Amino acid sequence: MSKTPWLPLIEQQLKENPKSTTYAFSTLSEEGKPKVRFVIHRDITPNALLLTTTDTRMSKPQHLAHSPTVEVAWWIEPTNVQFRITGQAISIPSPNTSQDFQRAIKTLGVEGLEEGKEEWWENKRKELWKGVSGHLRAGFGRPTPGKKLSEVEGSDKWPETIPAESDKPDEQKTIQEAYDHFAIIAIAPSAVEYLELKPVPNRRTQWKRQEGGEWEETKVAP
Ligand SMILES: Cc1cc2nc3c(=O)[nH]c(=O)nc-3n(C[C@H](O)[C@H](O)[C@H](O)COP(=O)(O)O)c2cc1C
């Protein structure tokens, strides 16, 4: 069995359905209440962490700092399969923040791996920043998400789109402010469930990560 038996299945699904990149991502609030929202899948790291991105000022980074346990529900509509992924997640701090990088690495269990190096994450953050649209990038420079609209400046002043980088100092300043809010969320799966709704009878396969890092597979009744 491969090192991460569920990974080729996700990769194959993404290859066949490149538009199916949205999944529901659930965290726990500081009060222990479940909070769920959709996010976009951005990448998978060499050691099988799932990556999405967010704004440091949104709720997710705070929730994860308080409680890293998360669950993802990912329905790939064209092939009618669902992945349910349980694990530990954390937002990876930009080097410009006071967040504890070593704590993030420990939460993800990637000490000593490529993903254990701060430089690796900074390169990845830059790569993902370049990969998102100018409209999405501009959002990171706008007023704090969740703040009352009556308390923020006129929306006509907010830039609609920004490039990933610029030679013009004024524009680069705007970009840097937005980029400082751009964070990666990394998810280290500890259990994965694969539900196939096309075959009759349906199929449900579960994998659980064991102490030594190997994955135990169980097929269950759907
Ligand atoms: C299709 C879709 C994709 C989204 N992708 C993301 C994303 O990748 N990252 C993100 O932070 N929010 C994304 N959002 C917005 C979130 O669902 C949510 O509204 C926002 O992140 C605030 O959530 P929070 O305050 O609980 O962190 C997306 C929303 C939709 C409908």
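Helices (H or I, at least four residues) and strands (E, at least two) are DSSP runs, numbered from the N terminus. This is a predicted model, in which local features need pLDDT of at least 70 and side-chain atom pairs count only at pLDDT 80 or more, while totals for chains, interfaces and linings use all residues. Residues are numbered from 1 along each chain as its sequence is written.

The protein contains 6 helices and 9 strands. Buried residues (20 or more other C-beta atoms, placed from the backbone, within 10 Å of their own) make up 24% of the 222.

The ligand is surrounded by 13 residues, the closest being Arg 37, Val 39, Thr 54, Met 58 and Ser 59, where a residue is near if its C-beta atom, placed from the backbone, lies within 6 Å. Strand S2 provides the largest share of this shell, 5 residues.

An unreviewed UniProt entry annotates residues 4–90 as "domain: Pyridoxamine 5'-phosphate oxidase Alr4036 family FMN-binding"; UniProt positions are given in the numbering used here, feature names are shortened, and annotations may be inferred rather than shown by experiment. Over residues 4–90 the chain is 46% strand and 21% helix, with its end C-alpha atoms 21 Å apart.

Notes: Buried ≥ 20, exposed ≤ 12 C-beta atoms within 10 Å, placed from the backbone.
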